[in-house]
Amino acid sequence: MAFSVVFHHDATDPLAVISAPPPDESSHERAAREEREAEAQRISDLIDDEIRAERAIRKKEEGIVKILLLGQSESGKSTTLKNFRMRFARDRWIEERASWRAVILLNLVRSANTILDALSQEMDDIDPDELDDTFKFDDFYRQFKVRLSPLQAVENNLKHLLGATEDIQLRKQISPTTIPPCGSPEFFVRSRTWRNFVQTTRGTDSPRHSCQQDLSTLLDSTDVIANGKDDIKALWRDTRIQDMLWRRKTRLEDSASFFLDSIDRLSVRDYEPTDEDVLRARLRTLDIQEHDLIVDDKTDAPKWKIFDVGGSRTQRHAWLPYFDQVNAVIFLAPISCFDERLLEDPRINRLEDSFILWKAICSSKLLQRTILILFLNKMDILEEKIRNGVTVKRYLPSYADRPNETNDVVKYLRQKFKDTVRYCSPEPRVCHIYPTSVIDTKSMSVTLISVRDGILREYLKRADLF
């Protein structure tokens, strides 16, 4: 005996009429309809869950100040982040400081190998028909290459220890007309790989044999460096080598002289990295670095979340998603780079590239209400270049006949960046500008307090408007 289902609905309600099943619906049609309705309900529930999750995230982020560090590669973003962590997350910073030993030794060895590679090229390029009074690097210098050859293996071992990968993409982008830089290719470490390494070297939840193996590699590398330190020092301090590096335009890292001059201290088995060592150590990380900080001891003070994104041209596409809901942008412009060109594209001056990036940030409607903070960075290198006689107007014709003095150069560039904010921003805004040397911990500590107070003041002011 078959039973029929009678559906009662209000004929005056159009929604009820539409949603009611057909009066002559068969059991097969009813099963198909119910299956469709169940699937629609499942999707509706998923959407509701996503909306609730999004609301929860938004609510959680209401008490978070989001800071974005931007700038070209090697502008000082990572060093700025280190300063923030050293100032506002001191305990965690001290715990992780020892993990940087491998990076510091790698920086030292890469600098030495870069000099050796430049020397090898110089000796290979010697023309036997040159005049006798032209200086030639003879067998005396060739012995340096032989005695210091183990440094190449040390570099490879330290890279392997850190999980480093060669930047193939960057090498592809370098113009074929460009003279490749001496030394081994640029490398990077993925952010997750670096975090795992830090955790391992701190001994937290890591196998004992892994820690012992890492320590063994570090000690072996230290011994090799110690055995060759006198040759490394002699090579680095040789005036003919310095002249050769300058003539060949060999590019060393900004921190090369610091680590090479400190080799006696770095090449002992019980070496422990200092704050300054870690600040100067260069480790290029891929992906986004994210750190949470408590910058104020007050219980109701908002937490800070700082994002350090890659600055090379291949990584800038990853910036846009982080523009949403960001409270402040700290942009680093290395003003000492007025006479340098991008490694990725040697047609572009590095200072020009900073201006292009700054203009794009100021013009972005996504950032029109974002606090802008500009660090005119690498003041120490700018001062050194000017002291050594480098003329700014040779590379920056618009500088004209202004005095070739550090303060005058900074004043001129400061106004140029300030004008960009004025003419390119979608609406009027204030930009806080600081001349900086992010490796100077004393002055940076004062700057960071000023930056913190300015951001919090503006954050609270805007919070009162809503």
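Biologist: Among contacts in the protein chain between residues at least 6 apart in sequence, what percentage join residues at least 24 apart?

Modeller: In this predicted model, 76% of the contacts between residues at least 6 apart in sequence join residues at least 24 apart. The protein chain holds 19 helices and nine strands, and buried residues make up 45% of its 466 residues.

Biologist: Which strands form the open sheet, and in what order?

Modeller: Reading across the sheet, the order of its six strands is S5-S6-S1-S7-S8-S9, with mixed pairing. The edges are strand S5 (289-293) and strand S9 (431-435), and because each has a single partner strand, one side of each is left without a neighbour in the sheet. On average, and with direction ignored, neighbouring strands of this sheet are turned by 20 degrees against each other.

Biologist: How many bridges join S5 to S6, and which residue of S6 is the bridge partner of Glu290?

Modeller: S5 and strand S6 (residues 303-308) run antiparallel and are joined by five bridges; Phe307 in S6 is the bridge partner of Glu290. As for what packs on this sheet, helix H18 (residues 406-424) touches strand S7 (328-334), strand S8 (371-377) and S9, and the direction of H18 makes about 160 degrees with that of S9.

Biologist: How should I read the spacing of residues along a helix, and which residues of helix H11 are buried?

Modeller: An α-helix has 3.6 residues a turn, so residues three or four places apart point the same way. In helix H11 (residues 239-247), the buried residues are Ile241, Met244 and Leu245. Seen down the axis of H11, these buried residues fall within an arc of 100 degrees, so they line one face of the helix. Thr239 and Trp246, on the other side of H11, are exposed.

Biologist: Where is Thr80 found, and which residues does Thr80 touch beyond those up to four places away in sequence?

Modeller: Thr80 belongs to helix H3 (residues 77-88) and counts as buried because its relative accessibility is 0%. Leaving aside residues up to four places away in sequence, Thr80 touches Leu69, Leu332, Phe375 and Val438.

Biologist: How many aromatic pairs does a search of the whole structure find?

Modeller: The search finds twelve aromatic pairs. One of them joins Tyr141 and Phe144, a tilted pair with 6.1 Å centre to centre and 40 degrees between the planes. Because Tyr141 and Phe144 are three residues apart in helix H6 (residues 139-147), about one helical turn separates them. Tyr141 is buried, with a relative accessible area of 4%, and Phe144 counts as buried at 5% relative accessibility.

A further pair, Tyr399 and Tyr412, is edge-to-face, with 5.2 Å centre to centre and 80 degrees between the planes. This pair links distant parts of the chain, 13 residues apart: Tyr399 lies in the loop between helix H17 (392-395) and H18, while Tyr412 lies in helix H18. Both Tyr399 and Tyr412 are buried.

Biologist: Which residues form one aromatic cluster, and over which rings do Lys385 and Arg402 lie?

Modeller: One aromatic cluster is formed by Phe331, Phe355, Trp358 and Phe417. As for the charges, the charged end of Lys385 sits over the ring of Phe338, 5.6 Å from its centre, and Arg402 lies over the face of Tyr399, at 5.9 Å from the ring centre.

Key: Residues are numbered from 1 along each chain as its sequence is written. This is a predicted model: local features need pLDDT of at least 70, side-chain atom pairs count only at pLDDT 80 or more; totals for chains, interfaces and linings use all residues. Side-chain values use heavy atoms; hydrogens and water are left out. Two strands pair if DSSP finds at least two bridges between them. Helices (H or I, at least four residues) and strands (E, at least two) are DSSP runs, numbered from the N terminus. Axes are lines fitted to C-alpha atoms, for helices over the stretch in contact, and angles run from 0 to 180 degrees between N-to-C directions. Contact means heavy atoms within 4.5 Å. Rings of Phe, Tyr and Trp (its six-membered ring) pair if their centres lie within 6.5 Å; planes under 30 degrees apart count as stacked, over 60 as edge-to-face and the rest as tilted. Buried means under 20% relative accessible area, exposed over 50%, partly exposed in between (1.4 Å probe, protein chains only). A charge sits over a ring if NZ of Lys or CZ of Arg is within 6 Å of the ring centre and within 35 degrees of the ring normal. The arc is that of the directions from the helix axis to the C-beta atoms.
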